[in-house]
Amino acid sequence: MGKHTLEKPQQITKEILKSKISGKHRIYLWLYFSAITAAELVTTCVNPIYGIACHGLLLFGLLLHAAMICRKEFNIMYLALALAPLIRIMGMSMPLVRISPVYWYLAISIPLFAATAFVVQLTGLKSRDIGLAVGNLPVQILVALIGVPLGLIEYTILKPAPLVVEMTWQQIWLPALILLICTGFLEELIFRGVIFRAVVETFGRSFAVLHTSFIFAALHIIHRSPVDLVFVFTVALFFSVVVNFSRSLLGVSLAHGLTNIGLYLIWPFIL
Amino acid sequence: MISTVTTVSTVSTVSTVSTVAAVSTVTTATSFAVEMGLLATIILIIMLIVKELAGASIAISSASEITLQGALDRALNVGIIPLLIVFACIVLEKVLSVL
């Protein structure tokens with residue numbers, strides 16, 4: 001009985017301490033989001049070289065922070081978040097001058113896949129944790145089909161030039177495959193797979209959905225379109241909610257890929 | 001989208017829901033690509049130096065418990081691995097331009 005009464009205050013103290021630590025890391029996460037946003041703004045509006053230097057500092061800071069933390073859930077979170085500045089560093093520093101634009105995404109995705117695989121291996125996340133599961137197939141197909149209208153909406157916002165000269169099967173199949181895997185699957189794996197899972201384990205679903213979507217949108221500042229930023233943030237929110245409920249990246253990866261396929265390979269020839 | 005670029009700003013046209021695609025475009029002077037490659041290489045070198053220092057201090061302490069140096073040694077690989085791939089591509093690109 002005496003032992004029991006002693007344990008209660010200890011437990012309460014532990015709970016308070018836990019919530020204090022959790023609150024501190026919550027603030028850190030928003031600070032990192034602000035830093036990523038600032039680095040993107042520097043990249044876009046000031047000088048890309050300074051921007052990449054900022055992203056480099058941010059990457060180093062996140063990795064150092066991850067190393068300094070003993071608790072696994074926080075450690076995973078910062079390691080996963082390090083993938084965000086890496087995306088920009090890879091995109092800007094990869095030598096692409098001699099490569100056809102169609103293969104740019106492929107070239108950039110290789111180091112990013114390697115980094116993501118390493119983070120997954122280092123943090124001990126299982127393939128099911130990061131959404132590498134089929135899930136409910138009819139639902140996933142329905143989610144995937146949303147990529148078609150999303151591509152159309154995005155095309156009306158950005159109106160980019162097509163990636164290929166003409167819309168023939170021979171011209172389209174390889175770029176489509178590259179867009180599907182190297183943008184659709186890769187980005188979903190990074191944001192809705194690794195980062196989302198890392199944050200959700202510590203701070204819960206609603207915070208993870210919001211934070212991951214903000215990070216995803218921040219990395220689109222470089223496109224210099226406020227409307228696109230809102231669009232991307234909304235899409236990210238939707239994708240995060242879908243992954244949260246379905247625990248599968250299949251549908252959102254296909255939807256993401258189809259959005260980009262429509263945007264660069266289909267809609268420019270139709271509209 | 002390709003022809004206008006002199007800085008990264010026009011990269012915007014390259015991609016959309018794709019963050020990966022914020023790629024520097026071709027017409028940008030090669031000097032821009034060189035500067036970016038140089039910056040990536042500097043980041044890589046700094047990370048390798050820190051990793052080496054962390055690794056050395058682990059060897060000195062020879063403690064079996066998890067230390068900051070040990071954790072840093074492993075965490076830095078997250079940045080080092082992709083940057084090494086970029087560095088290899090830069091070297092390959094240079095070799096091809098010479099040949």
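## The interface between the chains

In this predicted model, chain A and chain B together bury about 4,800 Å², and 78% of that area falls on carbon and sulfur atoms. Buried area here is the accessible area, taken with a 1.4 Å probe, that two parts lose on being put together, summed over both. The size of an interface is often given in this way, as the accessible area lost when the parts come together. Chain A puts 61 residues into the contact and chain B puts in 48 residues, where contact means heavy atoms within 4.5 Å.

One salt bridge is counted between chain A and chain B. A salt bridge is a side-chain nitrogen of Lys or Arg within 4 Å of a carboxyl oxygen of Asp or Glu. The side chains of Arg98(A) and Glu93(B) meet in a salt bridge, at 2.9 Å from N to O. Arg98(A) lies in the loop between α4 (83-93) and α5 of chain A, and Glu93(B) lies in helix α3 (residues 77-98) of chain B, so the pair joins two chains. Helices (H or I, at least four residues) and strands (E, at least two) are DSSP runs, numbered from the N terminus. Arg98(A) is exposed, with a relative accessible area of 53%, whereas Glu93(B) counts as buried at 18% relative accessibility. For these words, buried means under 20% relative accessible area, exposed means over 50%, and partly exposed is in between (1.4 Å probe, protein chains only).

## How the model is described

Residues are numbered from 1 along each chain as its sequence is written, and chains are lettered from A and ligands numbered from 1 in the order in which they are written. Local features need pLDDT of at least 70, side-chain atom pairs count only at pLDDT 80 or more, and totals for chains, interfaces and linings use all residues, while side-chain values use heavy atoms, with hydrogens and water left out.

## Chain B

Chain B has three helices and zero strands, and its pattern along the sequence is α-α-α. Of its 99 residues, 47% count as buried. Among the contacts in chain B with a separation of 6 or more, 46% come from residues 24 or more positions apart.

Accessible areas come from the Shrake-Rupley method with a 1.4 Å probe; for residues, only the protein chains shown count as cover.

Over all chains, the structure holds six salt bridges. Side chains of opposite charge can pair when their charged atoms come close. One of the six pairs Arg192(A) with Glu188(A), whose closest N and O atoms are 2.8 Å apart. Both residues lie in helix α8 (residues 169-203) of chain A, four residues apart, about one turn of the helix. Arg192(A) and Glu188(A) are both buried.

Arg197(A) forms a salt bridge with Glu201(A), and here the closest N and O atoms are 3.5 Å apart. Arg197(A) and Glu201(A) are separated by about one helical turn because they are four residues apart in helix α8 of chain A. Arg197(A) counts as buried at 6% relative accessibility, but Glu201(A) is exposed, with a relative accessible area of 52%.

## A nonpolar patch on the surface

Val134(A), Leu137(A), Ile141(A), Leu142(A), Leu145(A), Val148(A) and Leu250(A) form a nonpolar surface patch, with about 610 Å² of accessible area together. Patches are made of residues with over 30% relative accessible area and no salt bridge: like charges are joined within 9 Å, and nonpolar side chains (Val, Leu, Ile, Met, Phe, Trp, Tyr) within 5 Å.

Helix α6 (residues 137-145) of chain A gives the most to the patch, with four residues. Val148(A) sits in helix α7 (residues 147-158) of chain A and is partly exposed, with a relative accessible area of 39%.

Cys182(A) is in no disulfide; the nearest cysteine sulfur, that of Cys89(B), is 13 Å away. Cys182(A) counts as buried at 3% relative accessibility, whereas Cys70(A) is exposed, with a relative accessible area of 79%.

Ile110(A) is placed in helix α5 (residues 101-123) of chain A. Ile110(A) is partly exposed, with a relative accessible area of 46%. Between Ile110(A) and Leu186(A) there are 9.7 Å in space, C-alpha to C-alpha, and the two are 76 residues apart in sequence.

Key: A disulfide is a pair of cysteine sulfur atoms within 2.5 Å.
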